[in-house]
Amino acid sequence: MKHKTFFWFILPTATAMLLFIALPIMSVVTQSLFTPHEQVFKVVENCGPFGCTESTSIDAEATEALRAEAPLGRFAGLGIYLDRGHLAVTEVGDAWRNRDSIGDFLGSLANLPFYRAMGFTLTYTFTVTPLLIALGFVIAISVNSLHRHLKGLVIFFSLLPMIVTPLIGSLILFWMIDSRGVIGTGLQWLFSDPDLSLKASTGLTWVMLIVYGVWHAAPFAFVVFYAGLQTLPKDTLESAMIDGATRWQQTKYVVIPHLMPLVTFVALIQLMDNFRVFEPIVGFNAEAHATSLSWIIFNDLGGETRLLSSAATTSVLTIIGVSILLSPVLVRTWRDFSTKG
Amino acid sequence: MFLKKVALASSLALIAGNAYAACEISGRVNIVGNEFPAIQAVGAGAQECTGGEVEANLTADHQKINVAGMTGNPAEYTSAIVANSSIVALMNEDVIRPLDDLVAQYGQDLKRNQLITVDGKIMAVAFMANAQHLVYRADVLEQIGAEPPASYEDMLAAAAQIREQGIMEYPLGGAYKAGWNLAQEFNNMYIGMGGEFFTTGTAEASINNEQGIAALEMMKSLSEYMNPDFLTHDSNATSAEWKAGNVALMNMWGSRVGPLRETEGSSQVVVDNTMISAPMTVGGGSTPATTLWWDGWTVAKNISDEDAAATFQALTHAINPALLNDETTPMAVWLIDGYEPTPAATGVFAAANMNAVPYPMLPFQGLLHSALGAELSDFMQGKEDAATALADVEAAYSAAAREKGYLQ
């Protein structure tokens with residue numbers, strides 16, 4: 001392709017990417033480097049139905065003047081990144097110096113919001129992703145071997161978990177697993193333990209969120225693998241059969257290698273999705289037991305006093321986290337691409 | 001016949017309402033606010049106005065959207081219905097306007113104690129008062145031969161008896177959901193213990209002290225008599241537990257008592273025996289372990305004068321004495337002329353008479369509230385001791401307060 005043709009060909013895409021990806025990211029990075037001005041206080045008298053009290057209040061005019069002078073706020077550099085709400089370098093350093101054992105150090109880490117969130121997010125990402133790929137694969141293989149009259153119906157039902165909005169799906173499950181709900185009571189009966197509560201224990205809450213994650217995302221893997229199975233080379237499969245390969249051997253040596261690029265694709269998408277786990281935490285009211293970076297952003301923006309710089313910083317940390325997580329897969333894809341080229 | 005009477009009565013009421021004050025506005029009105037029966041009644045009242053468009057977005061997530069919805073120019077929301085905690089965020093961001101001129105022009109009928117003034121300027125018009133107080137099941141207390149508890153210590157003793165006698169496994173209820181609710185319960189208990197949230201005159205939090213630890217220990221003791229899922233129970237879930245007859249004693253909002261007395265989703269026994277009483281004290285203190293609240297409306301700053309006038313008129317109309325009828329009167333403790341306290345209001349009045357503390361209107365109180373909500377759940381689960389939890393709260397608060405410029 002000529003350079004000029006290429007330029008005009010790529011221009012719309014490049015513009016869109018610049019506008020909708022690069023600029024917002026730059027804006028978030030900028031916001032994470034600045035914090036609001038120091039607040040000017042004054043003591044005022046507040047009156048209401050319960051009488052009058054002297055109280056500290058913000059001097060709106062003085063603050064407005066400061067704001068007009070420097071609209072972006074105070075330059076904080078990496079200050080927000082390093083504070084207790086984020087990377088907490090001071091606190092981590094203290095915990096390392098005062099540790100009794102590695103377990104003790106990890107315990108102190110788990111007490112800091114960022115590391116607590118990372119602990120759950122990484123556990124969630126690295127259990128849910130392989131499990132959903134395996135489950136999606138099994139469903140795809142099973143559906144593929146069904147009689148064609150049944151296929152349509154089964155595919156529709158297999159896709160349902162993905163069709164249900166995550167927040168609604170998790171809310172419905174949240175009610176069902178309540179100790180007075182259908183599943184909750186069923187589990188209590190099954191384990192003959194009337195005090196069993198999925199919501200009261202951190203371990204069980206994590207299991208519940210992970211099971212939900214697999215349930216919700218497996219249909220995606222299934223659809224992709226099922227599409228891949230339709231392009232399976234019949235000749236290779238037939239020669240394998242003639243050679244006396246069992247069903248298991250056919251799957252292992254023909255089907256899986258054929259689907260491998262799709263596995264990479266699903267892993268890539270799902271690593272990204274699961275790292276941003278959010279809806280189930282809100283839907284299951286699980287914030288006492290499990291948090292994630294996305295949940296921290298939501299919490300910063302949803303409080304009575306919004307913490308905008310903090311939310312921007314956590315967003316940048318999320319982007320960095322996703323890049324680190326995806327780098328092995330991306331490097332691998334790049335290598336495959338280079339050797340083929 | 002009965003239906004005809006009801007229809008006649010309501011049409012008469014409508015005529016009466018219109019006769020009192022027909023509401024004619026010329027401008028746009030869009031209200032954002034919390035969602036409970038009393039506020040819904042006010043929203044509906046504003047929508048009676050004609051001549052301009054009146055919209056209301058009443059949702060439990062109002063605090064997540066009101067600042068954003070009022071920051072633009074012109075602002076999407078022309079009014080936010082707020083309480084003494086949430087007005088602070090709007091004043092901090094400078095998105096609501098002083099109402100003195102509008103009160104002079106259109107608000108002659110408002111009572112002096114409805115006007116919320118900050119530094120001499122009227123910033124909001126309050127229409128109801130609220131407080132958390134004791135709700136109890138008369139039949140269960142009778143069964144164990146106990147009086148309604150006056151202190152949290154009595155409440156614990158009653159709960160132990162109820163469990164011992166096999167009446168209920170988890171006799172206590174409470175909105176202990178991690179986040180805002182849990183933090184509010186700590187605030188109540190800490191105030192009851194006589195604690196101060198900040199070092200006087202500064203934004204320095206000071207809750208890691210004797211009172212703070214005592215407050216947390218009391219909450220932990222109470223939670224042992226609560227449904228083990230208590231960290232996921234907000235006011236709605238706690239009310240549902242109450243209506244299901246699973247709870248005999250709880251500290252609950254006055255504004256939520258009305259629905260507890262409806263038979264839908266409940267049984268006649270529960271409805272007949274749902275009684276309220278004054279808020280409890282704790283640790284031998286005399287200040288009740290609760291806070292006083294007002295709910296009121298504000299007018300956005302970034303809107304045209306016509307829209308501001310229309311908003312003020314519509315909301316003034318919404319809280320005129322004609323709002324009060326048999327259905328709406330028990331919904332809240334109204335600060336409206338002609339309000340006759342109903343039995344549902346005794347808890348809030350008792351709180352006021354016991355000199356309960358109003359929820360502080362400090363610019364940084366919200367940050368401390370968020371920090372409490374996030375950091376106390378570890379203690380409630382038994383993962384750390386009270387002093388560590390409170391130290392975590394102070395550290396989390398300080399980081400946030402430094403970012404917002406409240407602390408150096």
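**Strand pairing, chain architecture and the A–B interface**

In the predicted model, A:Val43 stands opposite A:Thr56, the latter lying in strand 3 of chain A, where strands (E, at least two residues) and helices (H or I, at least four) are DSSP runs numbered from the N terminus. Strand 3 (residues 51-58) runs antiparallel to strand 2 of chain A, and eight bridges join them; two strands are taken as paired if DSSP finds at least two bridges between them. With two residues between them, strand 2 and strand 3 of chain A form a hairpin. Strand 2 of chain A, which covers residues 41-48, also pairs across the chain boundary, in the antiparallel sense and over two bridges, with strand 4 of chain B. In that pairing A:Asn46 stands opposite B:Val118 of strand 4 of chain B.

Residues are numbered from 1 along each chain as its sequence is written, and chains are lettered from A and ligands numbered from 1 in the order in which they are written. Because the model is predicted, local features need pLDDT of at least 70 and side-chain atom pairs count only at pLDDT 80 or more, while totals for chains, interfaces and linings use all residues.

The secondary structure of chain A comes to 15 helices and four strands. Its radius of gyration, at 26 Å, is well over the 20 Å that the globule rule gives for 341 residues, so chain A is more spread out than a compact globule; the radius is taken over C-alpha atoms, and the rule is 2.2 Å times the number of residues to the power 0.38. Along the principal axes, the C-alpha trace of chain A spans about 90 × 75 × 45 Å. Of its 341 residues, 31% count as buried, a residue being buried if 20 or more other C-beta atoms lie within 10 Å of its own, exposed if 12 or fewer, and partly exposed in between, with C-beta atoms placed from the backbone. Among contacts in chain A with a separation of 6 or more, 67% are between residues 24 or more positions apart; two residues are in contact if their C-beta atoms, placed from the backbone, lie within 7 Å. Chain A is divided into domain 1 (76-111) and domain 2 (122-283), with bounds from an automatic or database domain assignment, and 36 Å separate the centres of these two domains, taken over C-alpha atoms.

Within chain A, helix 8 (residues 166-176) has A:Gly169, A:Ser170, A:Leu173 and A:Phe174 buried. These four residues lie on the same side of helix 8 of chain A because they cover an arc of only 135° around the axis, the arc being that of the directions from the helix axis to the C-beta atoms. The buried residues of helix 8 pack against helix 7 (148-163), helix 10 (202-230) and helix 13 (279-283) of chain A, whereas the face turned away from the buried side carries the exposed residues A:Ile168 and A:Trp175.

Chain B has 17 helices and eleven strands. Its radius of gyration of 22 Å agrees with the value near 22 Å for a compact globule of 408 residues, and its C-alpha trace spans about 65 × 60 × 30 Å along the principal axes. Of the 408 residues of chain B, 54% count as buried, and 75% of the contacts between residues at least 6 apart in sequence join residues at least 24 apart. The domain assignment of chain B gives domain 1 (17-130 + 292-350) and domain 2 (132-288 + 359-404), whose centres, taken over C-alpha atoms, are separated by 29 Å. Between these domains, 21 residues of domain 1 are in contact with 18 residues of domain 2. Helix 14 of chain B gives the most to the domain 1 side of this boundary, with four residues.

At the interface between the chains, 45 residues of chain B are in contact with 40 residues of chain A. Elements giving two or more residues to the chain B side include helix 3 (62-71), strand 5 (121-137) and helix 15 (365-375), while helix 17 of chain B gives the most, with seven residues. By class, this side has 23 nonpolar, 14 polar and eight charged residues, where Ala, Val, Leu, Ile, Met, Phe, Trp, Tyr, Cys and Pro count as nonpolar, Asp, Glu, Lys and Arg as charged, and the others, Gly among them, as polar.
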